[in-house]
Amino acid sequence: MIINHPILGPRDAQEFTYLGDANLIDRPDWRAENAIKAFHDYLHLRDNPAGEHRELWFHEQGDRSWLVVTRDTLTHEITSVELARDVARERGRGK
Amino acid sequence: MTYSAFRILKEALTGHKGWGPQWRDPVPQPDYDYVIVGGGGHGLATAYYLASKFDQGRIAVLEKRWIGGGNVGRNTTIIRSNYLLDGNEPFYEFSLKLWEGLERDLNYNAMVSQRGVLNLVHTDAQRDSARRRGNAMILNGSDAELLDADGVRAMYPFLNFEDARFPIKGGLLQRRGGTARHDAVAWGYARGADRRGVDIIQNCEVTGFRIKDGKVLGVETSRGYIAADKVGVAVAGSSSRVMETAGMRLPIESHVLQAFVSEGLKPTISGVITYGAGHFYCSQSDKGGLVFGGDIDMYNSYAQRGNLPAVEDVMESGISLIPALGRVRLLRSWGGIMDMSMDGSPFIDRTHIEGLYFNGGWCYGGFKATPASGYCFAHLLATDRRHETATAYRLDRFRRGCMIDEKGQGAQPNLH
Ligand SMILES: Cc1cc2nc3c(=O)[nH]c(=O)nc-3n(C[C@H](O)[C@H](O)[C@H](O)COP(=O)(O)OP(=O)(O)OC[C@H]3O[C@@H](n4cnc5c(N)ncnc54)[C@H](O)[C@@H]3O)c2cc1C
């Protein structure tokens, strides 16, 4: 697979390490009432779809940036690649 | 039809005209006592043990495609019970004991071959952990032997012993481990279940569940609605997709694992060898092909085919352990979809929906579990109690802090 890195252009997926579902960006609030349940679900449960999947890849052997890759789990086709930083900011994280 | 030496002789003399189909092709009935979703090894074994050891009720196995087309027919056929943790080892040892009596029980040649599984160690720390694991196995009534380098050399002189980075220092040998013919396991269970009245219904995809007041009433399928008192789901890599239709999110990711077979060679590798410094395992089939595999491809996938980097990695690991492999030609490779769980261990459990039961999370090691998984799932379905060797395989174990994490990797499925 080739991942079209937003800064570096097309790179072999072998340069990356895979983490998993991009929902891992949305770490729950540890002060919330239901924090224990929220962390359980966050850490252990997955949608695991057959089809479009947004997922986190780390460019370990490159610029060490985290990317959100949108990929089809049935065909392995990649349709979009974003910097995880931008995605996290959009979701109100890391201010 | 019962198989016997006499029967083979008779058929040989009469042109093999008397072999009939091994199971019926029944029309689905409108309702059953038990519906098992998924005609892989685990679903078929569940139906077989339900019918032969537990309830005598009316049972159906519903399979989306054809039986044996899933992981049960795609794996590298290694059977063993060399686990460390209490939640696992008694279960896998129970499974190995069932393997030992399987062919007689089924009257079917599943080619169970206890040719020994050897896990190599390359460092002192690995030797310590192998010793600890071996002791845990022995404490659970299993067998284990720690070999030194000479012991390994006597068995497999062609391994790369003097590798500068990863010299072979010994290995943990389970002599009762080995291999079985995977398709024959599916067929044997199917035939055994069919003979006890189980309806095996192929080309029948379950598309949803009918649930009322927290109780399951039956399943929606591509061949119409089928009512059932109890529904057991054992669909391996499709677990999340199927359980999603019952409103559940599972602690599972689906990943692809590849397997490889070489051209046929003369007998070279008598047992199963696993590499301790890379991910690589290898045995030789009775036809002569080397059967081997390694890591999963690492990313979520439902594609049943992998990518080249994983192929390269497996070949590199293989050649660094067995340099002679460099001269061998690869014949074919394929992939299967693994139900990778968050701690690398499986589930055999009820769900929050009455009458709906779940079996899954087998990762890349569920073939060896087939007999015990079927037995314990049948036990749960029939008695509503967990079998004594499968009490830890609960869906809520992460919430309760009772993970069964053999590798200590945490909730990162692709590392288990
Ligand atoms: C390459 C590879 C190598 C492996 N090597 C080993 C090994 O050496 N040792 C070992 O112990 N394990 C190994 N495994 C793992 C083992 O094969 C699996 O854990 C085990 O087979 C899973 O259980 P099963 O046989 O029931 O799965 P499957 O055979 O996959 O059965 C699941 C069935 O459910 C059906 N299904 C799915 N969705 C639906 C639906 N909606 N309705 C109806 N039916 C449905 C599927 O079509 C399939 O037939 C390996 C797996 C692979 C892919």
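Predicted model: local features only at pLDDT ≥ 70, side-chain atom pairs only at ≥ 80, totals over all residues.
The predictor gives the complex an ipTM of 0.96 and a pTM of 0.97. Chain B has 416 residues, and chain A has 95 residues.

**Around the ligand**

**Strand 12 of chain B**

- Strand 12 of chain B pairs with strand 16 (residues 330–341) of chain B in the antiparallel sense, over 11 bridges.
- Within chain B, Val261(B) stands opposite Arg332(B), a residue of strand 16.
- Strand 12 of chain B also pairs with strand 15 (residues 289–300) of chain B, again in the antiparallel sense, over 6 bridges.
- Here Phe260(B) stands opposite Phe292(B), a residue of strand 15 of chain B.

**Chain B as a whole**

- Chain B has 9 helices and 18 strands.
- The radius of gyration of chain B is 21 Å, which agrees with a compact globule, because a globule of 416 residues would have a value near 22 Å.
- Taken along the principal axes, the C-alpha atoms of chain B fill a box of roughly 65 × 65 × 40 Å.
- In chain B, 52% of the residues count as buried.
- Of the contacts in chain B with a separation of 6 or more, 75% come from residues 24 or more positions apart.
- Confidence for chain B is a mean pLDDT of 97, and 100% of its residues reach 70 or more.

**Gln22(B)**

- Gln22(B) lies in the loop between helix 1 (5–13) and strand 1 (31–37) of chain B.
- Gln22(B) counts as partly exposed because it has 15 C-beta neighbours inside 10 Å, a count between the limits of 12 or fewer for exposed and 20 or more for buried.
- Leaving aside neighbours within four places in sequence, Gln22(B) is in contact with Trp187(B), Ala190(B) and Arg191(B).
- Gln22(B) and Arg195(B) are 173 residues apart in sequence, yet 8.9 Å apart in space, C-alpha to C-alpha.

**Chain A as a whole**

- Chain A has 2 helices and 6 strands.
- Along the sequence, the elements of chain A follow the pattern β-β-β-α-β-β-β-α.
- The C-alpha trace of chain A spans about 45 × 30 × 20 Å along its principal axes.
- Buried residues make up 18% of chain A.
- Of the contacts in chain A between residues at least 6 apart in sequence, 49% join residues at least 24 apart.

**Where the chains meet**

- The contact between the chains takes 18 residues from chain A and 21 residues from chain B.
- On the side of chain A that touches chain B, strand 3 (17–21), helix 1 (35–44) and strand 4 (52–58) of chain A each supply at least two residues.
- Helix 1 of chain A gives the largest share of that side, 3 residues.
- By class, the side of chain A that touches chain B has 6 nonpolar, 9 polar and 3 charged residues.

Methods: Residues numbered from 1 in each chain as written. Chains lettered and ligands numbered in written order. Helix = DSSP H or I, 4+ residues; strand = E, 2+ residues; numbered from the N terminus. Rg over C-alpha atoms; globule rule 2.2 N^0.38 Å. Contact = placed C-beta atoms within 7 Å. pLDDT = per-residue confidence, 0-100. Nonpolar A, V, L, I, M, F, W, Y, C, P; charged D, E, K, R; others polar. Pairing = 2+ DSSP bridges.
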